[in-house]
Amino acid sequence: MLKEKGLLFDVTMCVGCGSCYKACKEQNKLPQTNKDFLKDHLSENTYTVVEQYGDNYARKLCMHCDEPSCASVCPVGAFKKSDTGAVLYDGDKCIGCRYCMQACPHKVPRYEWEKTQPRVRKCTLCHDRVKAGKLTACAEACPTEATLFGNMDDLIAVAKKRLKENPGKYYQHIYGLEEAGGGHVLILSPVPFEQLGYTAKLPKESMPSLTMKAMEKIPPVVAVGGVFLTGMYWLTKRKNEIAREEKKSNKGIKV
Amino acid sequence: MKLSEILKPTFWKVVSVIIVTVGLYSTYFRFTRGLGASTNLYDTVPWGLWIGFDFLGVGLAAAGFTIAATVHIFHMHKFEPIVRPAILTAFIGYSLVATLLIVDLGRPENFWHPLVMWNIHSVMFEITWCIICYTTVLVLEFAPVVLEKFNLKAPIKLLKKFSIPVVIAGVLFSTLHQSSFGSLYLIVPGRLHPLWYSPLLPVHFYISCIGVGLSMIIFESYLIARAFNRGLNMNILSGAAFAVLIDLIIGFLLKVFDFISTGKLALLTVPSKETYLFYLEILIGTFIPIFLLSQKKVREDRKWLYFSAIFVIAGFMLNRLNVCTTGLERSAGYTYFPSFDEVSITLMLVVLAMFAFRLVVKFFPVFEEEPILHSKQNNVLETKQIILSE
Amino acid sequence: MVALFVLALFILFIAMDFIVLKVQGKTHPAFEKVLSISGLSYVPEMEIKVPDDIVLSKGHLWMKKNKSGLVKLGVDDFVNTALGNISIQNNLSVGKELKRGEVIFEGKVGNKKLKFHSPVNGVVRSINSNSHDREYSDSYSNWNVELSSKDFASGNVTYFSGSEALNWLRQEFTKLDDFLKLHSAMPELVGATMYDGGKMVEGVKAGLNDKAAEDFEKEFLSL
């Protein structure tokens, strides 16, 4: 069995060359969307971007959550967590309710708004390449190893080592390890993550668990509600009957 | 009604025809050009006016289950005359919601997928199923009215046997999906503004739908009185208004509890667009109607009762649209405003829903049990008239 | 913003409807003057409307003057409630001159005929032949005779309108209640057929005897 794969992106090592951006476009056969890749944003034709924040460059892409919100909310199960760790989308199932886009804590899924049969688009963690034993296109293209591809265990170890060995260089946090229950894209940065446009302050528990807390209550609500309503039906019916009988007997006495 | 009378133009007829014509064109445009061309939706604002309107429609149709339960489960037969209008409202409301949902789906041709492709963890999946089941319940509850018209007694008898389990199922399905509309947003704590986000969101949604469903019945009674020259049964409406009052007070207390227990009170002093809209929502939908309806004089006065119902409905509209648009605007980083096509398709469906209501009322005995004498149809008058016997 | 927009649209449509009704000269149900009847033994709980542009005469005919000066007349809600489905029989012809107090038409209840008297002097201009198509209409849109009258507003006739009409109708209904008490030979029986809680008398066919019909005319239909 394949070990779960993932990416480690180190902001301190990124020079903002855009190789990952271009490799991703090539790999997924996506059209050009912006002449200056630094000014581009995620869209149905762009699965990853490099954004400039002063001297720092930050990559944005699907975080491939361990417990993905998109997979949890999709009414038809069009999203699946693959055994490679990638979160994959099946356009044939999709009905286009766009709840995945609403629910994603990282605001990643994009939509083909201009099409009459639109699909949701996002990074696939180069599923086909990984299945064939290759790296993701972006990791392969990266000249500085700012984007590393590997087994999750190894990546976590590398990230922890870097934080420990260079405490002055890094902001002491591995983004993506615990955010929203954790995922398969880890990020290291010299500055707090909200300064690089990442969604900070995400809870550590997985997002689907927030919904499950409510969904769990459905069986008891149905059971208690059903019994309560049936009970009230008999009670109020009996009450009315008694009231009617009393009325009748009262009248009888008068006559 | 004669043809000449139907064709006689009145203000609202002309307006309706214009709205439907424009709406049909927008519908054509939406299905031939796609969502991008016809809506102002955006990647970070994937849900707009249409989904917001579905929220409104489902809440406003809530009287279908509350009134049915009041009469058939709790045996409060005073409300009997409004059971049929309430069920019809719910049925038409849900049909409107379903149609609008299909217009909103990116792949409307796949609308049947949830029936065969299951994901039981999805709130959306649960809502879809509850709405399908509840609409079936509504059909069963309204079927006797249609059967009565064609004088088919055997199926009515059969339906009567199952009527109580059907009503109970209807209440349960409604409870689930009305609250689940709130559960939809439980998964977005980072995106929905904390003034509205709460783990209690499903409970808030459930409580508010009961009050607004009854207010809608009150509001609708005036529309019916206006359209069909019928009387108003103030006795029933005042009773419903009292239930609205209780519901609003419970909803308000829960909100206070929610704000205190999650420490959100400080948010109320932050000057922002969200705070102002939140205040407006509470003022219009909670404070003013509670103040009005707590007075017996208001509940029994037809003018003030009408305005109270409008306040409750307006406050509810603000609440639902605040949750699904205002509260998400800041995190989306994009200010959404519905496009012309979005508005015109929505208006068209509202007009068609009102027209459908009118049509059903014309051909089926929806108001048959109303006890007001002077505007009754002839045959009913005869059996209920006051006698001058010896 | 969307929230405010939808709210504004909702309010706009309600306001527009008020304006449309105003232009049409109708009253919105929320603003109608209504008399609610309750607490009587034989008269059921109900509501009686009296539109602003309606004038009631002491003989329970309503009158409404239109722009061209013609006066439409019809049977009011009181009579329709008390007698149920009466069929109006017009014996007049267009052009006939009518003096105040003369019989304007007769109403048939069962096999009895009750006389209605014209509250004004005037000339018959038209007669509504299909005045019984009462579906979705109320007493005040169901006119029977149209007159041209010169003394419509003259002072020596008793008319009621607005809140005055409501007060007068209340008295009339109380009177009707007493009348029914007097004329129902077996009050206990009638009482037993009443609804639980309600005051509805059900399932008894209207049978007017001569005395009751005569008394009803005298009590309620005379000017």
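Which residues touch the most other members of the largest nonpolar core? Select Y99(A), L184(B) and Y185(B): among the 194 residues of that core, these are the ones. Keep in mind as you click around that this is a predicted model.

**Stop 1**

Then switch to chain A: domain 1 (5-207) and domain 2 (217-254) each supply at least three residues to the core.

Zoom in on L184(B) next. Leaving out residues up to four places away in sequence, L184(B) touches Y99(A) from chain A, plus W47(B), F55(B), V123(B), M124(B) and I127(B).

**Stop 1: another core**

**Stop 2: two crossing helices**

Back in chain B, select helix α11 (residues 201-228) and helix α16 (residues 340-363). They pack at an angle of about 65 degrees, their axes 12 Å apart, and the crossing of α11(B) and α16(B) is right-handed.

To see what meets what, show side chains. From α11(B) come E220(B), L223(B), I224(B), A227(B) and F228(B), and they meet M354(B), F357(B), R358(B) and V361(B) of α16(B). Sorted by class, that contact has seven nonpolar residues, two charged ones and no polar ones.

**Stop 3: a threonine**

Last, find T27(B) in helix α2 of chain B, residues 11-33. Is T27(B) buried or exposed? It counts as buried because its relative accessible area is 15%, under the 20% cut-off. Setting aside neighbours within four places in sequence, T27(B) is in contact with I345(B) and M348(B).

Key
Residues numbered from 1 in each chain as written. Chains lettered and ligands numbered in written order. Predicted model: local features only at pLDDT ≥ 70, side-chain atom pairs only at ≥ 80, totals over all residues. Heavy atoms only, no water. Core = buried A, V, L, I, M, F, W, Y, C linked by side-chain atoms within 4.5 Å. Buried < 20%, exposed > 50% of the residue type's maximum accessible area, 1.4 Å probe, protein only. Domains from an automatic or database assignment. Contact = heavy atoms within 4.5 Å. Axes fitted to C-alpha atoms, helices over the stretch in contact; angles between N-to-C directions. Helix = DSSP H or I, 4+ residues; strand = E, 2+ residues; numbered from the N terminus. Left-handed = near helix turned anticlockwise from the far one by under 90°. Nonpolar A, V, L, I, M, F, W, Y, C, P; charged D, E, K, R; others polar.
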